[in-house]
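Please keep the sequence and the model in view while reading.

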Amino acid sequence: MDGEIVLLSEVPDPVFSQKMMGEGIAMIPTDGRVHAPVNGKVIQIAPTKHAVGMRADDGTEILIHVGLETVSLQGKGFKVKVSVGETVSVGDLLMEFDLAYIRTHAKSLVSPIVITNSRNRDQKYTLTKEKEGKMGETVIMTIK
């Protein structure tokens, strides 16, 4: 997604900032689209449409969670464009959301991107030093 890049430790929600769900980074989106960050398969779509889970081809599991406390919106403002089990490629559109609606009705627009199986993998995560991310251009995290 396009937007401001934020460290996970700065996310105003302890589940994310204390990395209870895993390593990651966050963004404050500037448009209402979420694209696949990697090649892989969609493994989860939240019933309230605010989050999509993927398994990358290398086994890395990624949760993209739009906004904070967006479960309470009951799916309003979100349009998921993929299905569980669908194979996606980098850049494929996963979801659209109404940026103005989320900004007004959610606790925050901050959108965590978390490696949910990071504790089970012997990998090193390197975060970008960039402050702004552009879909398809900015590498926000590398895994080795």
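Is Phe 78 buried or exposed? Phe 78 is buried, at 4% relative accessibility; buried means under 20% relative accessible area, exposed over 50%, and partly exposed in between, with a 1.4 Å probe and protein chains only.

## Basis of the report

The model is predicted: local features need pLDDT of at least 70, side-chain atom pairs count only at pLDDT 80 or more, and totals for chains, interfaces and linings use all residues. Residues are numbered from 1 along each chain as its sequence is written, and side-chain values use heavy atoms, with hydrogens and water left out.

## The aromatic pair

The structure holds 1 aromatic pair. Phe 78 and Phe 97 form this tilted pair, with 6.4 Å from centre to centre and 40° between the planes. Rings of Phe, Tyr and Trp (its six-membered ring) pair if their centres lie within 6.5 Å; planes under 30 degrees apart count as stacked, over 60 as edge-to-face and the rest as tilted.

Distant parts of the chain are linked by the pair, since Phe 78 belongs to strand E7 (residues 78–80) and Phe 97 to strand E9 (residues 93–97), 19 residues apart. Helices (H or I, at least four residues) and strands (E, at least two) are DSSP runs, numbered from the N terminus. Phe 97 is also buried, with a relative accessible area of 6%.

## The sheet

An open sheet is formed by 3 strands in the order E3-E9-E7, with antiparallel pairing. Two strands pair if DSSP finds at least two bridges between them. Strand E3 (33–35) and E7 stand at the edges with a single partner strand each, so one side of each has no neighbour in the sheet.

E3 and E9 pair in the antiparallel sense over 3 bridges. Val 34 stands opposite Met 95 in E9.

## The nonpolar cores

The largest nonpolar core has 29 residues, and Val 34, Leu 94, Met 95, Phe 97 and Ile 102 are those with the most contacts inside it. Such a core is a set of buried Ala, Val, Leu, Ile, Met, Phe, Trp, Tyr and Cys residues joined through side-chain atoms within 4.5 Å. Another core, of 8 residues, lies apart from it and includes Val 6, Val 11, Phe 16 and Leu 68.

## Ser 118

Ser 118 lies in the loop between strand E10 (111–115) and strand E11 (125–127). Ser 118 is buried, with a relative accessible area of 7%. A polar atom of its side chain is 3.1 Å from the backbone oxygen of Ile 115.

Technical notes: Polar contact = N/O pair within 3.5 Å; in protein donor to acceptor, adjacent residues only side chain to side chain.
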